[in-house]
Protein chains: 2
Amino acid sequence: MPAPFEYEIVDLTDEELAAESEVLGALTASVRRLGLASLQTTVDHETVAEVTRRIDELAERLETSRIPGNYGVKLTSNGRVRGFGNAVVGLRNPVAPPVPIVQDRERGRASASFELGPLYEGPPGMVHGGVTALVLDQLFGEAAAAGGKPGMTGTLTLRYRRPTRLGACSAEAWCDRVEGVKTIVKGELRDADDQVTVEAEGVFILPRWAREQIAETGPPQYE
Amino acid sequence: MPAPFEYEIVDLTDEELAAESEVLGALTASVRRLGLASLQTTVDHETVAEVTRRIDELAERLETSRIPGNYGVKLTSNGRVRGFGNAVVGLRNPVAPPVPIVQDRERGRASASFELGPLYEGPPGMVHGGVTALVLDQLFGEAAAAGGKPGMTGTLTLRYRRPTRLGACSAEAWCDRVEGVKTIVKGELRDADDQVTVEAEGVFILPRWAREQIAETGPPQYE
């Protein structure tokens, strides 16, 4: 039986939060740019080795003061969830594409338009099938939350209709129905031609400890 | 009907390939380290801004000579697939954890031991459910290939048994059965306590154009 998740409350003003998002968001954007450059570069090996040494120096500077492990999920004093470390949406996570998800609480839907570039490749020129699963899992969780039934993924089924070309993508998810503690979410991912490339269905379940926690803190909404 | 994937043949000696892997693998490792440091750092905003500028300078140096888009999948002259850009296993992709997958062709299995650290977080302290899907999708494709039936993911179903703690993980996949052009792969992911956290089943399908391509080039085996 897993323990409830721990959320840390951060007590910053809106202005302090905005400044932090701007400065650290810019850092993350630059690390993403460097990641793409390191994949694409054809400069000579001496230059690569020299750049590598300098990257290590910059990492050392950032490491002089840091949290010891995972970023976690923090609650701001206005009750919003700040998942800066999240692997899909995290503002401070250079692994995240990132995917800006919009929740529609009136209709119990979540949607996003985003770019999956060369760092998300599987078959040549195509988005890795697992990356589409990664994005849809996050989107589905937020659709369940938007529908008032936040939960953890119980099952996720993906049907790959055709390969997804690297580039502009969009995705949408909606609460299809609720069966007791299960919320069934459906959704799809589309390529730049607005063709559906992946269809998916997920069952989200809310364990009792999580229901009690949400009664205290409200449903998660990422920012 | 998607067009066949394009594979580029690279004609380097084993020594040249090894040198390239070493120098560029070190670059990628340093970018990964920088990514983790940027997530964890608590240095002041002035230092963050200064480091950000220096990262941009290094990215510019790498960008002076580069391929214009995706890395693609290249075939070496000894017939091995080099997926350096792959989002799960790519040696040159800092988004990849990476996951070193071992194929067992005698038993039609694939397995891997790997680390999923703070950059792969979903719920606090836990691996993002979509990241486990990402890893398993790649592993399943390689299990199908190891079983002599390489294909593209048709469907993938994931059952989340319990949250996966960040840290050491392992995963295994095997060909369960073949039904015509479909190969059914099963597998699971385990946490550091060797507890199964995710079970999955995938159907891999080989379109005719891919069957013809593989007849020419052999089944994919990543390195």
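How do the residues of the lining of the largest cavity divide into nonpolar, polar and charged? They divide into eight nonpolar, two polar and two charged, where Ala, Val, Leu, Ile, Met, Phe, Trp, Tyr, Cys and Pro count as nonpolar, Asp, Glu, Lys and Arg as charged, and the others, Gly among them, as polar.

This is a predicted model, in which local features need pLDDT of at least 70 and side-chain atom pairs count only at pLDDT 80 or more, while totals for chains, interfaces and linings use all residues. Residues are numbered from 1 along each chain as its sequence is written, chains are lettered from A and ligands numbered from 1 in the order in which they are written, and side-chain values use heavy atoms, with hydrogens and water left out.

**The cavities**

A search of the whole structure finds two cavities of 30 Å³ or more. A cavity is a set of points, on a 1 Å grid over the protein atoms alone, where a 1.4 Å probe fits but cannot get out, and its lining residues have an atom within 4 Å of a point. Grid points are joined across faces, edges and corners, and a volume is the space filled by probe spheres set on the points.

| Cavity | Volume | Helices that each supply at least two lining residues |
|---|---|---|
| Largest | about 110 Å³ | H1 (14-40) of chain A and H1 (14-40) of chain B |

The helices are DSSP runs (H or I, at least four residues), as are strands (E, at least two), numbered from the N terminus. The lining of the largest cavity includes A:Arg32, A:Gly35, B:Arg32 and B:Gly35, whereas the lining of the second largest cavity has eleven nonpolar, no polar and no charged residues.

**Where the chains meet**

The contact (heavy atoms within 4.5 Å) takes 84 residues from chain B and 84 residues from chain A. The area buried between them is about 7700 Å², of which carbon and sulfur atoms give 66%; buried area is the accessible area (1.4 Å probe) that two parts lose on being put together, summed over both. Six salt bridges are found across this interface, each being a side-chain nitrogen of Lys or Arg within 4 Å of a carboxyl oxygen of Asp or Glu. The side chains of A:Arg33 and B:Asp56 meet in a salt bridge, at 3.4 Å from N to O.

How values were computed:
1 Å grid on protein atoms, 1.4 Å probe; cavity = no way out; pocket = protein on both sides within 12 Å on 5 of 7 lines; lining within 4 Å.
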